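Biologist: I've got a structure open and I'd like to learn how to read it. Could you walk me through a few features?

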Amino acid sequence: MMDFFIAKNHNTSESPVKVELLTLNTKKESQNGFDSMKALAEPTPAAPSPEPVFSGFNYLPMELLLKIMKQISVDDRLACGQTCHRWMEAAHYYLPFNQRIVYKFTNVNFTDYEPPIKNFLDAFRIFPRIAIKSCTFYGNSQFWSLFGEYVIELSLKNCLIKDTELLYILENVPNLRQLKIEQCDDLFRSWYFEKRMSCCQSHFVLPCLVDVSLANNDFLDELHFNKLMTLAPNIAHLDISHCFKMIASHRRVAMVEHIMRFINMHQFQLLTLKFSGTLAIDDICLSTLAMIDGLSLDTFSMTFCDKIPAAIIDLLRRQPDLNITQDLEWKVGRHPIKAPGFISFLVRQTNLVHLDLTSSLGVTDEVMELITTCLPKLQTLKLRRCILITDEGIMNIVNLQHLEVLDLSNCYRISDQAMYRGVIGRKMKNFTELYLCELPTLSDYSLIQVTLNYEMIQILDLSNSPNAATDATMQYINYYLVSLKQLHLYCCTKLTDSGLTGIDLPVKPMITWDQEETFPLDRLFKLRVLNLTGCYRISDLSLQNAFKLAELKELHLARCYQISEEGIRVLSESAKALEFIDLSECPNINDSCIEMLTSNLKRLRTLKVNKCPKLTNACLEIIGRNCSYLKFLHVSACPRLKKPKERLAHLTSLKAVYVEW
């Protein structure tokens, strides 16, 4: 049974009623007119009309139409919704589709007297997910009283908003489930409870609110935190990442202690805690969390930089099977040894599914052994910039049978041997994302083994790992990883046209019955994002022979110095779904290239051509004439472009023109 959502005031058009017209015979049949009267009384029956033939895509069964739309991207589906009313109904009102649409407001004045909010007040549909970024609020808008009942996710990022306006919004969104208030330090600076008690005495709660993010706020204090948490009595997910950086150390410690008391009070309902980049989250705080018996998390992130004592590390090496008592002490003979809070916390949280320890300088090989032993349910493990991890630390990652996401970027002590024994194994069946950035010690051997063992990978990041991303590994990627949706090869300088196209390879990767085979990049037909920034050995040959990627949405070709007009011509005709393209610092890009891109790429929304010296004012006229959906234009350090903002002021879709590097 299909589940559709019908918006308020949405009336579907009814089919017109079929009307049969009566035709009169005007020819005289007799002199006295009786036959004419008989004709009026008994009209001649009209010839039977043929049955209507329902042909065309607009008459497809709804089940088949939905099955087709499930196979395409969001942008393609929204474009299909403009075909007819039936396709619009399938694209917008089918609940699984409707729940993935987010309405974003960026750099606008949120007031009822100016567009776009003025236009939204007359809308007939609802807006369940709203993201507001860098906007200024002017008073209490009627938008919330009209549509707030249907809002379930709300994000406020870097906005100028007062406490009274925020509370008015929250009071009108009774069914809110997720709230994000990020980078809003001006809000907390001006929110004084002593002077404005009347504006903060609200008597409402949000019973459905389970996910609250207060990330990147430095001036959040205890009163602000208490007020927001009072509105969410059933909170289960809390994000306090990258907070309290600009305040005094004693205020930072006091705020962290206050959050720990809150966690203790809600220990039985919290499932997610995120503290990445937040100062004062140290081993003492982790010891406090470890002593909370009712705390059972499935997601945890933090930046742990404390040093584990050498005696504890030696104990971990000698006794891998540890017994931690309720007093957080290890029984070693007759002498108990106090356990570090970080280790005690990890050992207690056996139900963790997602663990993010990015930039944790305190994570060592011994800690990694505890993670792989005590956290068997892990699906996500992020260890980016954990520079103390060596080959020994990742040997047992293969034991995490449910692992789906692994990030080992910047762990530069890892070698091929550890990758082969610890990561490349057939036990992790659901492996989908692998990040191996800035690992100069890895060779192409490791990557070849990855392609042979993990054919279902969807995201692969090899940025700044030049020894791993070579022409040989690229051929294996093209052949085996056909499920890839994102491929990042930033500054992989050993990659050439031969690896992308298979042309003129010195050694063919595969030989079948004495027949040498090569594989071009466009074999990855599901590819959505491709980053080749800094791969300066790539030329027009690759664009002409390996970029027939029908689903490619985002392409980075910055600092690819050999790309010219010939390659851009083929690219613009073969990858017409592109929405983002970066050609910065490509010296051969000229006005003709812009003409071909803007005339063929109808969905282009972001164009980056920074430091392209051949561009002139003619390209601005081309952009203004061809780009009806362009939103962001980057033309920094283009010396021959004069006043681009003024020349493109008539382009209504354009949100920002960046002219400064």
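Biologist: Are helix 13 and helix 15 roughly parallel or roughly perpendicular to each other?

Modeller: First, a word on the source: this is a predicted model, where local features need pLDDT of at least 70, side-chain atom pairs count only at pLDDT 80 or more, and totals for chains, interfaces and linings use all residues. Residues are numbered from 1 along each chain as its sequence is written, and side-chain values use heavy atoms, with hydrogens and water left out. Now the general idea: angles under 35 degrees count as roughly parallel, over 145 as roughly antiparallel, 65 to 115 as roughly perpendicular and the rest as oblique. Axes are lines fitted to C-alpha atoms, for helices over the stretch in contact, and angles run from 0 to 180 degrees between N-to-C directions. Helices themselves are DSSP runs of H or I, at least four residues, and strands are runs of E, at least two, numbered from the N terminus. Here, the axes of helix 13 (residues 283–290) and helix 15 (residues 341–348) cross at roughly 30° and come within 7 Å. Helix 13 and helix 15 are therefore roughly parallel.

Biologist: Which residues of helix 13 and helix 15 meet?

Modeller: Contact means heavy atoms within 4.5 Å. From helix 13 come Asp283, Leu286, Ser287, Leu289 and Ala290, and they meet Gly341, Phe342, Ser344, Phe345 and Arg348 of helix 15. As a rule, an α-helix has 3.6 residues a turn, so residues three or four places apart point the same way.

Biologist: Is phenylalanine 345 buried or exposed?

Modeller: Buried means under 20% relative accessible area, exposed over 50%, and partly exposed in between (1.4 Å probe, protein chains only). Phenylalanine 345 has 0% relative accessibility, so it counts as buried. Leaving aside neighbours within four places in sequence, phenylalanine 345 is in contact with Leu286, Leu289, Ala290, Leu295, Leu297 and Phe300. Its C-alpha atom is separated by 9.9 Å from that of cysteine 285, 60 residues apart along the chain.

Biologist: Why is helix 13 largely enclosed by the rest of the structure?

Modeller: Because 6 of its 8 residues are buried. Those are Asp283, Cys285, Leu286, Ser287, Leu289 and Ala290. Their cover includes helix 12 (249–265), strand 9 (272–275), strand 10 (299–302) and helix 15.

Biologist: What about strands: which residues of strand 1 form its covered face?

Modeller: In strand 1 (residues 103–106), Tyr103 and Phe105 form the covered face, while Lys104 and Thr106 form the uncovered one. For pairing, DSSP has to find at least two bridges between two strands. Strand 1 pairs with strand 3 (residues 129–133) in the parallel sense over 4 bridges, with tyrosine 103 opposite isoleucine 130.

Biologist: What does the pLDDT of the protein chain average?

Modeller: pLDDT is the predictor's confidence in each residue, from 0 to 100. The protein chain averages 85, and 85% of the residues score at least 70. Over residues 4–43, though, the pLDDT is below 50, and this stretch has 26 contacts in the model beyond near neighbours in sequence.
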